[in-house]
Amino acid sequence: MTFPPLVYIGALVMGSFIGMLVGLFGVGGGFLMTPLLNVLLGVSMPMAVGTGVLQILGSSTASIYRRRNDNLTDWKMAVMLFGGNYVGVRLGTRTLNAMRDAGQIVIRGHEVPAGDFYPLLVFFFVLAAIGAWMLYDTSRPAADKPRESLLARVKLPPYTTFPTLSQPVSIPILAYLGLLLGFITGLLGIGGGVILLPVLVYLVGMRTHAATATSTVMVGFTSLLATITHTLSGNASLLLALPLIVGGSVGVQVGITLADRMKGAKLRRYFCLVMLAAVALIGSKLITMIF
Amino acid sequence: MGAIAAFLDSALGQVLLALIVPIGWGLLSAWFFDRMRARRARKAVGAKEGSQ
């Protein structure tokens, strides 16, 4: 599928800008990339999701390469989450395809494409929830101590232990966690790092550094699976992904340089503002669709 | 040439391309920027030693 030249130029600019945010704030940019491809460049949501996944595969590969010597990744955790992940990605892609194939739906007398409306609506709530969580989190002091694992309280055998955790954790619960993460990636085209990282830290009880490394590997695994399923479903455009990937890799370097000059607390607050701006943009698009 | 084009148009070819291009670019860009950073760091150390 080809797009007008302006879309590719816009993708290059957007990729660079989001790459800069990734370098600045240290989180994946998929959760901004996918809705903005639709809202700003007019790419249909299923195509934006598939193309966003290709971009995430590129950026997560670079992150895994950079972290190859840090020995912080909990590989056992990553492999265990991967099982549920595979099923989740397939389910998420199928759900998105069903929305796309539903064609037009009528809301308040207006015909709107179901494949655009429903994923944007889900994005609106997911981003608003993450933004609210981050606002709450910025008001607390940062600590890198091992936390109590909330998941360890769930009594659902069999259990297993991890080198990065102090308590055994239920295997089925971890599998369902992987499934949820995969579903989100398949449906929304976000790597899941923005959700997985707080889950690993607050629910599983990992230290922040180990959680960041494990989450990077998991995002790589998930985006690899999602790339295959979305390409087979005809939801991905490699031509559109290229300017996003190239712009993103340059933007990340600019962001990293800028981040070195800023304080952590200030960075996190700016990030919340970016998130709120994205929520407002998606909200305005939804309103124009309905009214 | 025709066989290659036909393969790249097939589902398997599309999936392989979609996997190889982002992974390849990710590895290449990470390697390139790492090298650039290491070179800049070496230069900075050299300049510091030169001034002493």
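A salt bridge is a side-chain nitrogen of Lys or Arg within 4 Å of a carboxyl oxygen of Asp or Glu. Keep that cut-off in mind for the first stops of this tour. The model on the screen is a predicted one.

**Stop 1: a contact between chains**

Select A:Arg66 and B:Asp34. Their side chains meet in a salt bridge, with 3.5 Å from N to O. This pair joins two chains, because A:Arg66 lies in helix H3 (residues 45-66) of chain A and B:Asp34 in helix H2 of chain B. Side chains of opposite charge can pair when their charged atoms come close.

**Stop 2: a contact within chain A**

How many salt bridges are there over all chains? The count comes to two. Select A:Asp101 and A:Arg100, which form a salt bridge with their closest N and O atoms 3.2 Å apart. A:Asp101 is exposed, because its relative accessible area is 57% and exposed means over 50%. A:Arg100 is partly exposed, with a relative accessible area of 30%.

**Stop 3: aromatic rings**

Over all chains, the structure holds five aromatic pairs. Start with A:Phe82 and A:Phe221. Their ring centres are 4.9 Å apart and their planes make an angle of 55°, so the pair is tilted. A:Phe82 counts as partly exposed at 28% relative accessibility, and A:Phe221 does so at 25%.

Next, select A:Phe117 and A:Tyr118. This aromatic pair is edge-to-face, at 5.6 Å centre to centre and 70° between the planes. Which of the two labels, buried or partly exposed, belongs to A:Phe117? A:Phe117 is buried, because its relative accessible area is 7% and buried means under 20%. A:Tyr118 is partly exposed, with a value of 35%.

**Stop 4: charges over rings**

Select A:Arg68 and A:Tyr65. The charged end of A:Arg68 sits over the ring of A:Tyr65, 4.0 Å from the ring centre. Then select A:Lys76 and A:Phe162. Here A:Lys76 lies over the face of A:Phe162, at 5.1 Å from the centre of the ring.

**Stop 5: a nonpolar patch on chain B**

Select B:Met1, B:Ile4, B:Phe7, B:Leu8, B:Leu12, B:Leu16 and B:Ile20, and show the surface. Together these residues make a nonpolar surface patch of about 730 Å². Helix H1 (2-9) and helix H2 (11-51) of chain B are the elements that give two or more residues to this patch. One of the residues, B:Leu16, is in helix H2 of chain B and counts as partly exposed at 35% relative accessibility.

**Stop 6**

Select A:Leu242, in helix H9 (residues 238-259) of chain A. A:Leu242 is partly exposed, with a relative accessible area of 33%.

**Last stop: confidence**

Colour chain A by pLDDT. The mean for chain A is 85, and 95% of its residues reach 70 or more. Within chain A, confidence is highest in H4(A), at 90, and lowest in helix H7 (residues 193-204), at a mean of 80.

Terms used: Residues numbered from 1 in each chain as written. Chains lettered and ligands numbered in written order. Heavy atoms only, no water. Patch = residues over 30% accessible without salt bridge, like charges linked within 9 Å, V, L, I, M, F, W, Y side chains within 5 Å. Areas by Shrake-Rupley, 256 points an atom, 1.4 Å probe, with all protein chains shown as cover. Helix = DSSP H or I, 4+ residues; strand = E, 2+ residues; numbered from the N terminus. Buried < 20%, exposed > 50% of the residue type's maximum accessible area, 1.4 Å probe, protein only. Phe/Tyr/Trp six-rings, centres within 6.5 Å; stacked < 30°, edge-to-face > 60°. Lys NZ or Arg CZ within 6 Å of the ring centre and 35° of its normal. pLDDT = per-residue confidence, 0-100.
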